[in-house]
Amino acid sequence: EITVAILLIFLFSFLSKMEFDNSYNFLWLIFCLYIVFQIFRGIQAGYNGKYILDESVKYLLYPLGFYFTLTAFTTHRDNSKSVKVIIRFNLIMGLVIIAQMLFYYFFITNGNRVITRQANLLLLSLMTSLSLLVYLKQDLNKKVILILLSLLYVLGILIFMQRSLWIATLVSLFSFVIIYLVKSKFQTNKVIIIIIIIVTSFFLVSSLYKSLTQYNAMIESRVSEVQEEGSGTLSIAMRLLSFNDVLRKIEKNLIFGAGVGDELVTSYLSKPVINIVDNSYLVVLWKFGFFGFSLLALIFGIAIYQMIYLVKKTDGYSQLLAIIFLTNLLGQ
């Protein structure tokens with residue numbers, strides 16, 4: 001439902017104002033048409049219809065998301081209202097996810113993992129609240145609210161116990177700090193402030209987590225698996241098997257891929273596991289081939305270049321959205 005909501009925001013807010021005045025928009029259109037081509041390939045191959053539909057929505061978010069991000073910054077358009085809508089959406093979305101997760105954590109799983117892909121969206125909420133706090137002037141009440149929201153999002157990221165999300169969060173926060181220090185030209189007072197904020201936040205979140213956690217053994221196990229590079233864990237073994245299987249599929253359809261809706265069944269301990277390929281880039285190569293992967297890489301490259309330019313040359317909401325975009329992309 002969250003994915004569909006985001007897709008509808010992009011469609012209604014920006015597709016009606018589509019402009020093809022630069023090469024990026026043509027690249028976006030080509031990639032969309034290529035996805036449609038791969039959808040028809042999947043239908044022709046007789047893949048599962050429900051899975052084709054699910055993947056179609058997911059993959060169309062790639063070009064629509066990037067198109068929205070760059071089109072929002074055209075020189076003749078005031079983007080502040082649109083960005084404010086997205087910012088509010090990000091913050092509220094994080095609260096909804098936290099509320100659902102805490103309910104499950106305390107009343108359903110009783111301290112064990114709450115497994116959901118929504119966890120990754122908390123990183124978007126976290127970077128949004130931090131960017132508002134650091135880069136836009138706020139009164140004291142709003143600052144307190146943003147600090148509390150940031151701590152709550154970090155707490156949620158910890159309790160979800162998703163190891164890849166922990167690493168992604170660290171990368172995003174590191175990127176955020178680097179951007180902040182570069183823009184402040186490494187002024188000593190600002191460097192000291194950012195270090196104090198990081199240390200204080202870590203202490204507060206850790207203390208709050210320890211007071212709330214019902215079963216500490218679970219998170220200790222997840223942390224030790226990250227520290228030991230996943231040695232001996234069943235989940236790592238399953239992923240490595242699926243990576244091996246998907247690489248074989250890529251070799252068979254290297255140029256144009258297998259099409260939308262193709263499924264991967266990995267035999268693991270005599271039990272079939274369907275579509276557990278936890279690497280988006282491998283999946284794009286598998287479904288769309290080298291041609292589609294190259295198109296997406298160009299979209300990524302142009303978008304990153306534009307966001308870096310906006311971080312350097314602009315301020316206000318344009319800079320804010322660029323920082324949110326960059327830090328999330330690097331982490332995820």
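The contact between the two helices draws on L123, L124, M127, T128, S131, L132 and Y135 from α5, and on Q319, L320, I323, I324, T327 and N328 from α12. When these residues are sorted by class, eight are nonpolar and five are polar, while no charged residue takes part in the contact of α5 with α12. The geometry of this pair, formed by residues 121-135 (α5) and residues 316-331 (α12), is described by axes that come within 9 Å and cross at roughly 140°. Since angles over 145 degrees would count as roughly antiparallel, α5 and α12 are therefore classed as oblique to each other.

Helix α12 also packs against helix α4, which spans residues 80-107, and here the axes lie 9 Å apart at an angle of about 40°. Because angles under 35 degrees are those that count as roughly parallel, α4 is likewise assigned as oblique to α12. On the α4 side the contact is made by S80, V83, K84 and I87, and on the α12 side by Y317, L320 and L321. The class composition of the contact of α4 with α12 comprises five nonpolar residues, one polar residue and one charged residue. Residue L320 of α12 is listed both in the contact with α5 and in the contact with α4.

These helix pairs belong to a protein chain whose secondary structure consists of twelve helices and two strands. Of the 332 residues in the chain, 44% count as buried. Among contacts with a separation of 6 or more, 79% are accounted for by residues 24 or more positions apart.

The mean pLDDT of the protein chain is 78, with 74% of the residues reaching 70 or more. Where pLDDT is low, the predicted coordinates should not be read in detail.

Definitions and conventions
Residues numbered from 1 in each chain as written. Predicted model: local features only at pLDDT ≥ 70, side-chain atom pairs only at ≥ 80, totals over all residues. Heavy atoms only, no water. Axes fitted to C-alpha atoms, helices over the stretch in contact; angles between N-to-C directions. Helix = DSSP H or I, 4+ residues; strand = E, 2+ residues; numbered from the N terminus. Parallel < 35°, antiparallel > 145°, perpendicular 65-115°, else oblique. Contact = heavy atoms within 4.5 Å. Nonpolar A, V, L, I, M, F, W, Y, C, P; charged D, E, K, R; others polar. pLDDT = per-residue confidence, 0-100. Buried < 20%, exposed > 50% of the residue type's maximum accessible area, 1.4 Å probe, protein only.
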